[in-house]
Amino acid sequence: MQVIKNKQLIDNHWTYVADDAPLASGNICVSLARWQNEKNQLIAHEGNLGVRIAPAEDVNQLVEDLPKLALIELAISDFADGRSFSQAYLLRHRHAYQGEIRAVGNYLADQAFYFSRVGVNAFESEHLAQTQNTLNDFTVFYQ
Amino acid sequence: MYQYNHNDQILIEERVAQFRRQTEQFLNGEISEDGFRALRLRNGVYIQTHAPMLRVAIPYGLLNAKQLHTLAHIARTYDKNYCHVTTRQNVQYNWPKLEQIPDILAELAQVQMHAIQTSGNCMRNTTSDHLAGVCADEIEDPRPYCEIIRKWTTLHPEFDYLPRKFKIAVSGSTTDRAATQFHDIGLHLVKNDAGEIGFKVFVGGGLGRTPIIGQVIRPFLEKKHILSYLEAVLRIYNLLGRRDNKYKARIKILVKETGLEKFTQLVETEWALIRDNLEVSDDYFAAMKAHFTPFDYDKHAAQDVTFAAHTQENSAFATWVKYNTQAHKVDGYRIVFLSLKAPDSPPGDLTSEQLDAIADLSVKYSFGEIRSTHRQNFVFADVKQADLFALWQALAVQKLATPNIGMATDIICCPGLDFCSLANAGSIGITQDINNVLDNLDYLHDIGDVNINISGCMNGCAHQSVGHIGILGVDKKGVEWYQFTLGGSSSNEAAIGERLGPSIPKSDVAGAVETILNVYVQIRLEEESFLETVKRVGIDPFKEKVYASH
């Protein structure tokens, strides 16, 4: 599977591990709940770590852990739910998170430009070409 | 008025290209119905009962002649030769074809206009006082601030998918003519004890199903902090506003459920973290103010004697001057209202011919600028008194000189069941009925200031809850009935109307209005307005008479 990272199509190097599944090898991403419950075990994992955040979850809970995380996934279940945009802003700009912020789930290709402007730099999507296209929709903006 | 710079122009052209692509992808089946709905709404395109509706933004209600000619051209070329002026100072087209909307947007872009964020759950067009810059009671002209806010709200990446729509209004005068206390954020320009200009910030006001008067969240905000404060409010709202129920998703519900004190604390805490990074510089304020400098007024305008003579000789002209014009801050000039409420046409509608005529008249008599008002009329803000007689004659030919500004036939009315897929009941027909019973001009003028607002459903697009007389269409088993409220006001003494009693069948609505006004005429004290009488006596005397025969 491919994803968009920094506007380029690249191979995906991450595996999302469901809460009830055994940890996979390589780079793994888990839910915020699992991260909080199994943090010590996860830190011992060989490979990079990521956390997936739902729109209703508070990113401030992750602030102290950010240096340990190479990926934060914003899981979008409904494209109309714009909380993910503020979550991305808080992670990238307030907390100066340097790792990958990835949009996953049910968002519109046409929202990718806004996501890129609040700090999201990677996109998982069934419509990769369409998504990649929209990243250059605007050359000017006011904010 | 504000003129686009290079980047402003590029931005709207890129938005046209983006919307064109989105529309093509939708028509080719590459974007889902739901997905396209979210995208088109953010560009003012609704799907209505009969056809798509396109709402065009008029930032803070300010237009120039060239733009008006373009609106006329669009009505003629892409629609049924007319457009509709809304209560938020915008313009709507009711019959465009979806596949032609990108072309319409391209035409608008050529005259620095767009439809960005005129609908959808995002930050909407910033509205303001239609008398900005020309009224005597102004603390400072709000328009430069409106333009700063317009830019900041346009395509804001973080706040375009809010829980619900979000409206900001700015007033620069002691009299609130922009209904600021019924907006998600209301901003009043104020002066503090040190003589510095800032904003009194109201939050959580709104109309619709649950009308609520906005509350003061900050009595004085230094103007340099305007954008950071807005950002703080929007971030709290975006993260905490309810998304489980669209009827509880406006910021007014968040403020109510959180409590003003706690909400204020959340905003102030957020603001403290960002305010130093987003200050508006004095240079930027100055650059924006330079777009709104006063016109080069004729110093000798007041020396004209023809105006007084015409007023004496022609009583119809004198009546029009009395009701449709107001004092200007410059001696020898007057502010002229163009009534879009002629008795025989739907309130707020304008034909292409009227739009072109207004544009030409504005060039001849009012520096080529036109304003739209939230009561769905137009304004020529800067007319020399010597020109009033000729202007009146020209407006009369276009049926734009009905002397009823602020009177009972200056009705705010939504499109209603005739056009809108949300409506439960007709509203335009009711307006016609009311016009028919109030066809005596002397009687109308004797009644004086009465705001009648008619909405065809609970969404309240015509702001019926703040009408002095509010009329709300409801559906009862497929039959149109109308709920009356009395005593609402969107001005400084903001108030939500009180329910008069059970709803009234369509055939009795105009009669009920007549009865209410007759009660007022009988019980009013000297010089007392309708609203003042309702405040003094309550609704009982009106209720008694309206329901006497039922």
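A residue is called buried if 20 or more other C-beta atoms lie within 10 Å of its own, exposed if 12 or fewer do, and partly exposed in between, with C-beta atoms placed from the backbone. Keep that handy for the exercises below.

The model is predicted, so local features need pLDDT of at least 70 and side-chain atom pairs count only at pLDDT 80 or more, while totals for chains, interfaces and linings use all residues. Residues are numbered from 1 along each chain as its sequence is written, and chains are lettered from A and ligands numbered from 1 in the order in which they are written.

**Exercise: sizing up chain B**

Work out what share of the 550 residues of chain B is buried, and how the chain is built overall.

*Solution.* Start with burial: 55% of the 550 residues in chain B count as buried. Next, the elements: chain B has 18 helices and 21 strands (DSSP runs numbered from the N terminus, H or I over at least four residues for helices, E over at least two for strands). Its radius of gyration is 23 Å, close to the 24 Å from the globule rule for 550 residues, so chain B is as compact as a globular protein of that length. (The radius is taken over C-alpha atoms, and the rule is 2.2 Å times the number of residues to the power 0.38.) The C-alpha trace of chain B spans about 60 × 60 × 55 Å along its principal axes. Last, take the contacts between residues at least 6 apart in the sequence of chain B: 67% of them join residues at least 24 apart. A contact here means C-beta atoms, placed from the backbone, within 7 Å.

How many helices and strands does chain A have, and in what order do they run?

*Solution.* Chain A has five helices and eight strands. Reading from the N terminus, they go β-β-β-β-α-α-β-β-α-β-α-β-α. The radius of gyration of chain A is 15 Å, close to the 15 Å of the globule rule for 143 residues, so this chain too is as compact as a globular protein of its length. Its C-alpha atoms fill a box of roughly 45 × 30 × 25 Å along the principal axes. Of the 143 residues in chain A, 39% are buried.

**Exercise: the sheet of chain A**

*Solution.* (Axes are lines fitted to C-alpha atoms, for helices over the stretch in contact, and angles run from 0 to 180 degrees between N-to-C directions.)

**Exercise: where the chains meet**

Which helix gives the most to the side of chain A that touches chain B?

*Solution.* Count both sides: 21 residues come from chain A and 24 residues from chain B. On chain A, α3 (83–94) and α4 (112–118) each supply at least two residues. The biggest giver is α3(A), with five residues. By class, the chain A side divides into eleven nonpolar, four polar and six charged residues. (Nonpolar means Ala, Val, Leu, Ile, Met, Phe, Trp, Tyr, Cys and Pro; charged means Asp, Glu, Lys and Arg; the others, Gly among them, are polar.)

**Exercise: two helix pairs in chain B**

*Solution.* Take α1(B) and α4(B): the angle is about 175° and the axes are 9 Å apart. These two helices are therefore roughly antiparallel. (Under 35 degrees is roughly parallel, over 145 roughly antiparallel, 65 to 115 roughly perpendicular, and the rest oblique.) Among the residues in their contact are B:Val16 and B:Phe19 of α1(B) and B:Leu105 of α4(B). That contact has eight nonpolar, one polar and two charged residues.

Now α7(B) and α8(B): the angle is about 110°, with axes 6 Å apart. That makes α7(B) roughly perpendicular to α8(B). The residues in contact include B:Leu254 of α7(B) and B:Phe263 of α8(B).

*Solution.* β18(B) and β19(B) form a hairpin with two residues between them, and B:Lys477 in the turn has a positive phi of about 50°.

Definitions and conventions:
Two residues are in contact if their C-beta atoms, placed from the backbone, lie within 7 Å. Two strands pair if DSSP finds at least two bridges between them.
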